[in-house]
Amino acid sequence: MGRTLMYAAITALAALVLSATFLLKHGGESVASVQQVSVHDLTSAPNHFDGDSVTTVGVLGFSEEHDRYELIGNGNFAVIIREYAGRDSLDGLVGREVRVRGVFGIDQESGVYIDATHVGPVAD
């Protein structure tokens, strides 16, 4: 009976170590793969970043003509913010500097865009 408990404890510890190793190795890859990129870089070389997870900073704007939010960088380069679940909360951030995190993409209809997972004010 004692031997069985000892082997069960060793097996449980081994499973814990293996799962922790797996999580640390593979869980951090998605965080490490997020690139900090300027709006200018995204608009000047969009094919380089297509499909990548990116974080960028700019001033949040709203185009009434197109009914969409945009992230505006230096030189008035803009990236459309698409697919953001918190869209209703963006009105209070228009005209302010914000940080946007999400997946960057390009298509014929939208041009350059970010499917945003986070939009928030930049700390002052």
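Tutor: Happy to! Keep in mind that this is a predicted model. The chain contains 4 helices and 6 strands, and their order along the sequence is α-α-β-α-α-β-β-β-β-β. Of the contacts that join residues at least 6 apart in sequence, 51% are between residues at least 24 apart. Of the chain's 124 residues, 28% count as buried.

Now to the part you asked about. How many salt bridges does the chain have? The count is 3, and R82 takes part in one with D107 and in another with D115.

Start with D107. The closest N and O atoms of R82 and D107 are 3.1 Å apart. This pair links distant parts of the chain, with R82 in strand 4 (residues 78–82) and D107 in strand 5 (residues 97–107), 25 residues apart. Are these two side chains in the open or covered? The cut-offs matter here: under 20% relative accessible area is buried and over 50% is exposed, with partly exposed in between. R82 has 22% relative accessibility, so R82 counts as partly exposed. D107 has a relative accessible area of 29%, so D107 is partly exposed.

Next comes D115. For R82 and D115, the closest N and O atoms are 3.1 Å apart. Through the partner they share, R82, D107 and D115 are joined by salt bridges into one network.

Strand 5 and strand 6 pair in the antiparallel sense, over 10 bridges. A hairpin connects strand 5 to strand 6 through 3 residues. Strand 5 also pairs with strand 2 (residues 53–63), again in the antiparallel sense, over 7 bridges. You can follow this across the strands at R101: T55 has R101 in strand 5 as its bridge partner, and R101 has H118 in strand 6 as its bridge partner.

For contrast, turn to E70 and R68. Their side chains meet in a salt bridge, with 3.7 Å from N to O. Is E70 buried or exposed? E70 is buried, because its relative accessible area is 17%, under the 20% cut-off. R68, at 23% relative accessibility, counts as partly exposed.

Finally, a look at the outside of the model. The chain exposes about 8,200 Å², and carbon and sulfur atoms supply 55% of that area. One nonpolar patch on the surface is formed by M6, Y7 and I10, which together have about 320 Å² of accessible area. Y7 sits in helix 1 (residues 2–27).

Note on methods: Residues numbered from 1 in each chain as written. Predicted model: local features only at pLDDT ≥ 70, side-chain atom pairs only at ≥ 80, totals over all residues. Heavy atoms only, no water. Helix = DSSP H or I, 4+ residues; strand = E, 2+ residues; numbered from the N terminus. Buried < 20%, exposed > 50% of the residue type's maximum accessible area, 1.4 Å probe, protein only. Contact = heavy atoms within 4.5 Å. Areas by Shrake-Rupley, 256 points an atom, 1.4 Å probe, with all protein chains shown as cover. Patch = residues over 30% accessible without salt bridge, like charges linked within 9 Å, V, L, I, M, F, W, Y side chains within 5 Å. Salt bridge = Lys/Arg side-chain N within 4 Å of Asp/Glu carboxyl O. Pairing = 2+ DSSP bridges.
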